[in-house]
Amino acid sequence: MKQVKKNKNSGFEKFATAVSKATGSTYAFIIAFFIVIAWGITGPFFDFSETWQLVINTGTTIITFLMVFLIQKAQNKDSLAIQLKLNELVASNEYSSNRLVDVENMTEDEMTVIQKYYRHLSELSKKDQTLQTSHSIEESEQKHEIKSKKQHQTKSK
């Protein structure tokens, strides 16, 4: 397996992360707010001309266009990180179904089938009247019975 080197981000990745953090800050909002206020105040000096309107329209369009890509880059990275963390949790739990490690690559129909299993498991858990019982997809009813018996044995001790 290929070893992953830590902190070897590309220049664009570093730039995208820094810009996403900066533009999501309170200071960025305040600066943008005051730019719009300043633009509005200058309207009478330019007789609210088409050029005056074009300045704000062009500026906001360019910034919006570029930000879409930067935000998507940051979102993709965050989404991947969350997915990997969830995969680790699923893979490390002996009662979890390893089929769920690759759930993001399943079709919507396949995910709907799994969702039905979980609805069924939810109904089984409601019968137990406890939130501490968990199940996996495979052999769910059998594991439910085993866990229920263990729980009842623990309570009776």
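Apart from neighbours within four places in sequence, Asn87 is in contact (heavy atoms within 4.5 Å) with Leu100, Val101 and Glu104. The model is a predicted one, in which local features need pLDDT of at least 70 and side-chain atom pairs count only at pLDDT 80 or more, while totals for chains, interfaces and linings use all residues. Residues are numbered from 1 along each chain as its sequence is written, and side-chain values use heavy atoms, with hydrogens and water left out.

Asn87 belongs to helix 3; helices (H or I, at least four residues) are DSSP runs numbered from the N terminus. With a relative accessible area of 14%, Asn87 is buried, where buried means under 20% relative accessible area, exposed over 50%, and partly exposed in between (1.4 Å probe, protein chains only).

Leu70 is also placed in helix 3 and is buried, at a relative accessible area of 8%. Setting aside neighbours within four places in sequence, Leu70 touches Phe12, Phe15, Ala16, Val19 and Ser20 by the contact criterion. Leu70 and Ser20 are 50 residues apart along the chain, yet their C-alpha atoms are separated by 6.7 Å.

A search of the whole structure turns up one salt bridge, defined as a side-chain nitrogen of Lys or Arg within 4 Å of a carboxyl oxygen of Asp or Glu. The partners are Lys77 and Glu13, whose closest N and O atoms lie 3.1 Å apart. This pair joins distant parts of the chain, 64 residues apart: Lys77 in helix 3 (residues 50–92) and Glu13 in helix 1 (residues 11–23). Lys77 is partly exposed, with a relative accessible area of 35%, whereas Glu13 is buried at 16%.

Methods: Helices (H or I, at least four residues) and strands (E, at least two) are DSSP runs, numbered from the N terminus.
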